[in-house]
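Hi,

Here is the structure I promised to pass on. Have a look at it first, and my notes follow below.

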Amino acid sequence: MKQSYYLLFIFSFILLGCSKNSTEVTIVETPVANFQFFVNGNLLTGTFTSAYKKLHTIHLGTDRNDTSFLISFDENGHFGKIIYTYQEPISGTFKKFTTFRDNSSSNFNFQLISYDAVNKRVKANFSGYIYFDPTNLNSESKFINGSFDLPVKEYVPPVANIINEAKINGVYWRATNKFQTREVGNYNNITVQCLNDEVYKIMISFRDERGNTTLPGVYNFTNTDVVKKVQIAKYNPITRSYINYNCSGRVTFINIWNYCIQGTYNFTGVNPSNPSDTITIENGNFKLDYNPFL
């Protein structure tokens, strides 16, 4: 009889313990935002509490004058650029330094450790030189390194869905960086030059809204055309220069409005020094803003 009471006591104790454990609440702590940034080995005090995502691009800071630091990249880990405004300690002069623009993966180390689209979290580290002139590896430079582990917030910019994407010889390509140039002697002829951290650069040429603007339409082009065309160039890291391919094909400008261009393209590029070296560009799709005053 005593043994029965003893077994009943043990059984009740186990049930009570299980019941107590089943009502316990598991507390999941949100990871702390972490950002570290060193310039020439010196840790800076500024920090970020979150990163922002717009379409495929993730960035910390902006390239306007409201932050002294910008880093941008895409969700697949292709690097865009870093811009840092440095203040000279003695003179107080401000200087802007940028990662080398062309084929940046060969000159700067950016590693996307993880991007969690469900829990909206990004983790990465970076190191390398930034330059006073982003096209000149011999210009004044600073060595930077850092890391971050931050929550990601969705961001809708003034011009949404900015993109330039295509298939280059069957391989998907998407720009993570861009800049614009104007034709010497004809200010209203603009070329928006798009690149990522690899070797290719795709350039779209048109007339801006301040001149006799390029009208929406379908345009067949050859390499001799000045505007209403698309070109491709391939960077040679040995010579530190681009091979500009002779290009012909078709570009469709769907919209040109409010300092934006949108359209599609398909074309072929031929190496002028080696006719057997051809590049096929298909399914090109772009929506890009440009600066009418730059």
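How many residues lie between E14 and E15 in their hairpin? There are four, in a hairpin formed by E14 and E15. Before the rest, some housekeeping: this is a predicted model, where local features need pLDDT of at least 70, side-chain atom pairs count only at pLDDT 80 or more, and totals for chains, interfaces and linings use all residues. Residues are numbered from 1 along each chain as its sequence is written, and side-chain values use heavy atoms, with hydrogens and water left out. Strand labels (E, at least two residues) are DSSP runs numbered from the N terminus, and two strands pair if DSSP finds at least two bridges between them.

Back to E14. Seven bridges link E14 to E15 in the antiparallel sense, with Gln193 opposite Met203 in E15. Strand E13 (residues 177–183) also pairs with E14, again antiparallel over seven bridges, and here Glu183 faces Asn186 in E14. The E13 and E14 hairpin has two residues between the strands, and Gly185 takes a positive phi near 90 degrees there. E14 is mostly covered, with eight of its 10 residues buried (under 20% relative accessible area; exposed is over 50%, partly exposed in between; 1.4 Å probe, protein chains only).

Then there is the open sheet. Its six strands run in the order E12-E11-E21-E20-E19-E16, with antiparallel pairing. Strand E12 (171–174) and E16 are the edges, each pairing on one side only. E11 and E21 are joined by five bridges, and Ile163 stands opposite Lys287 in E21.

Finally, Lys95, in strand E7 (residues 94–99). Lys95 is partly exposed at 22% relative accessible area. Its side chain makes polar contacts with the side chains of Glu88 at 3.3 Å and Glu140 at 2.9 Å. A polar contact is a pair of N or O atoms within 3.5 Å; within protein, one must be able to donate a hydrogen and the other to accept it, and residues adjacent in sequence count only if both atoms are side-chain atoms. Thr85 is 10 residues from Lys95 in sequence, with 5.5 Å between their C-alpha atoms.

Cheers
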